[in-house]
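Please keep the sequence and the coordinates at hand while reading.

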Amino acid sequence: MPTLNRRRLLLGAAAVAAASAAPARAAMKQPDVIVLGAGLAGLNAALLLEQFGLNVRVLEASQRIGGRLCTLDDLAGHPEAGGTQIGAAYARIVDTAKRLGVAMQPNERSPLLNDRNLVFHVNGQRRTAEQWASAADNPLPAAVRAMTPDGALLRLIGASPLSSIGAWRDSANFKYDVSAVETLTAHGVNTEAMKLIDATNSYGDTLSETSLLNLYYVQTNLREISRFPGPVMGVAGGNQRLPEAMARALHGDVLRGRVVTHVKAEGRSTSVRCADGSKYKASFVVCALPLPAMRNVRFEPGLPALHADAVRQLAYARVTQLHLEVKRPFWEDEGVSPFLWSNGPLERIFPNDPTGSGKADSLVVWINGAGTASWDAMPEADLQARVDEELARIYPSSRGAVRVGRRITWHASPLAGGAWANWLPGQIERFSHVIGQPHGSVHFAGEHTAQALRGMEGAMESGERAASEILAHQ
Amino acid sequence: MKLQPLLIGLLSLTCTPLLVASPADSQKGRVAFVRCMACHGVKAGEPHKLGPNLHGVVGSRAAAAEGFAYSDALRTANITWDEDTLRRWIVNPGAVAPGNSMAYVNTLSAADIDALIAYLKSVSAGP
């Protein structure tokens, strides 16, 4: 296990503090740390390590900075394909943005996204939210009949028994690491209702593959975060601007197009080899790759068996998005909102209206789980006609009103492999304590290794933990 | 060399402004503070972040920083941040003031926490 020279750390920190006005690019011999992945987790680790005077080099597989923060700059309205909503409680994101001079702006409440204006298209029939709440074919329990089935899910499991934001990893709570079906049944949720929930379930392809404990983890996060009131925010100009600014703020290199294939302990160093033949060495490595990408990396020595199982088996959410540019606001002709919940092929539509203007330049069709397969298999050339057809079933006046700007398939991307880690029943108990365990001089980050928070803030938290682990080796 | 945790404990208990942490220890405390600094400033006059500025927190009354909206749980908890209470808080805030707002999972060892408290004291002694 290499150690960092304490004197060097102290001197380095002083030097960085002294030179912070005009930092000189460190002459790159062997860096102290190589960070794999230029998403929020890896970049936050890199920034923190540099604050302590370490030399850091970041390797990014793609040509784009940001990982699962991804702003579609070339589409009208610059929609987000990745992480979208930044809560007031996202301390690390807010603080980092402030420190780097990256402007954040509140997402104003859009009348288009008002729940009361939500259009339900269920079993082939369009209804208003009010009509759906009292519809004969609405199988949801009375208390949640007005909600979308996916929204109702977190209510139907009852209040989270987790006492704190980190308690999802406590062994006392592993009794909840089972499929959510039994608890839902006990709460009077019938099979028909479960089928509807599964249509847009974000936490597993089906409820039998959805961990009750994972749902409590989500619920506890929402509960704890709600203690900090404040508007939901976005980064001015798109969320991807934040990781880009983080990468720019680094003194060390951020090398793109470096697809890592090997991470190997070599004496006091660790070497990293890439598919393009390039090879790098450092005292430490922070692996901030999502697990599906990490599955293509060979570790020498190999990861311990349970850790290797976790890397192979932890599930990732399948999410396909169709970003539609609006040529004509067809919904206005019909006096309704484009905000949609359906158990048909389009699943959900969210209008993109961050300024709350009541207008939307773009819509995102958001498809989860099993529903993604038919959209993923469709040839690009057929996509527009199929979207037009499906949209017209719900909004008859929509013909010719939208252009499919982009299909995003997170689970098909070899660098992401899914939208977020989805703990299947039993996986929190088996894997949540091993997934972030350092392996020799290799430390792990990424939202799947977060211990308290989730999503973007969980990614930042994980980078902070990985950096702390390395800094503790002094 | 590292101070034994027991020794640090003794130092902390009897701490006076004359007893200053060693540079190595203050480095350890600064590293521990990495887990805090997204939410907390520590320099005098620095604005509050998601959590309150911690300048001068050791030994102060809880929920006393001006201009910060503390949770009712902490405001009414009648706590003084002596070192033992701070230690228990950092290990598990919910055990000290149930229902408080600090969304945090402790990953620091007892020795790290001691170093962190020493660090908070040392930065509070300066400007």
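Q: In what order do the five strands of the open sheet with parallel pairing stand in chain A?
A: This is a predicted model, in which local features need pLDDT of at least 70 and side-chain atom pairs count only at pLDDT 80 or more, while totals for chains, interfaces and linings use all residues. Residues are numbered from 1 along each chain as its sequence is written, and chains are lettered from A and ligands numbered from 1 in the order in which they are written. Strands here are DSSP runs of E with at least two residues, helices are runs of H or I with at least four, both numbered from the N terminus, and two strands pair if DSSP finds at least two bridges between them. With strand 7 (254-255) and strand 20 (442-444) of chain A at the edges, each pairing on one side only, the order of the five strands is 7-2-1-11-20.

Q: Which residue of strand 2 of chain A stands opposite A:Val35?
A: Strand 1 of chain A runs parallel to strand 2 (residues 56-59) of chain A, and four bridges join them. Opposite A:Val35 stands A:Val58.

Q: Which residues of strand 1 of chain A are buried on its two sides?
A: A residue is buried if 20 or more other C-beta atoms, placed from the backbone, lie within 10 Å of its own, exposed if 12 or fewer do, and partly exposed in between. Both faces of strand 1 of chain A are covered, and the buried residues are A:Val33 and A:Val35 on one side and, on the other, A:Ile34 and A:Leu36.

Q: Which residue is the bridge partner of A:Val285 in strand 20 of chain A?
A: Strand 11 (residues 284-287) of chain A is joined to strand 1 of chain A by four bridges in a parallel run, and A:Val33 has A:Phe284 as its bridge partner there. Strand 11 of chain A also pairs with strand 20 of chain A, in the parallel sense and over three bridges. In that strand 20, the partner of A:Val285 is A:Val442.

Q: At about what angle does helix 16 of chain A run to strand 20 of chain A?
A: Axes are lines fitted to C-alpha atoms, for helices over the stretch in contact, and angles run from 0 to 180 degrees between N-to-C directions. Helix 16 (residues 455-471) of chain A lies across strand 1 (33-36), strand 11 and strand 20 of chain A, and its angle to strand 20 is about 150°.

Q: What is the order of the four strands in the open sheet of mixed pairing in chain A?
A: Strand 8 (residues 260-266) and strand 9 of chain A run antiparallel and are joined by six bridges, while strand 9 (residues 269-274) and strand 10 of chain A pair in the antiparallel sense over four bridges. The edges are strand 10 and strand 12 (298-300) of chain A, and the order is 10-9-8-12.

Q: Which residues form the uncovered face of strand 10 of chain A?
A: Strand 10 (residues 279-282) of chain A forms a hairpin with strand 9 of chain A, and A:Gly277 in the turn has a positive phi of about 90°. The covered face of strand 10 holds A:Tyr280 and A:Ala282, and the uncovered one A:Lys279 and A:Lys281.

Q: Which helix of chain B gives the most to the side that touches chain A?
A: Chain B has six helices and zero strands, and 17 of its residues are in contact with 24 residues of chain A, contact meaning that the C-beta atoms of two residues, placed from the backbone, lie within 7 Å. Seven of the ten residues of helix 2 of chain B are buried, among them B:Asp25, B:Lys28 and B:Arg30. The element that gives the most to the side touching chain A, with four residues, is helix 2 (residues 23-32) of chain B.
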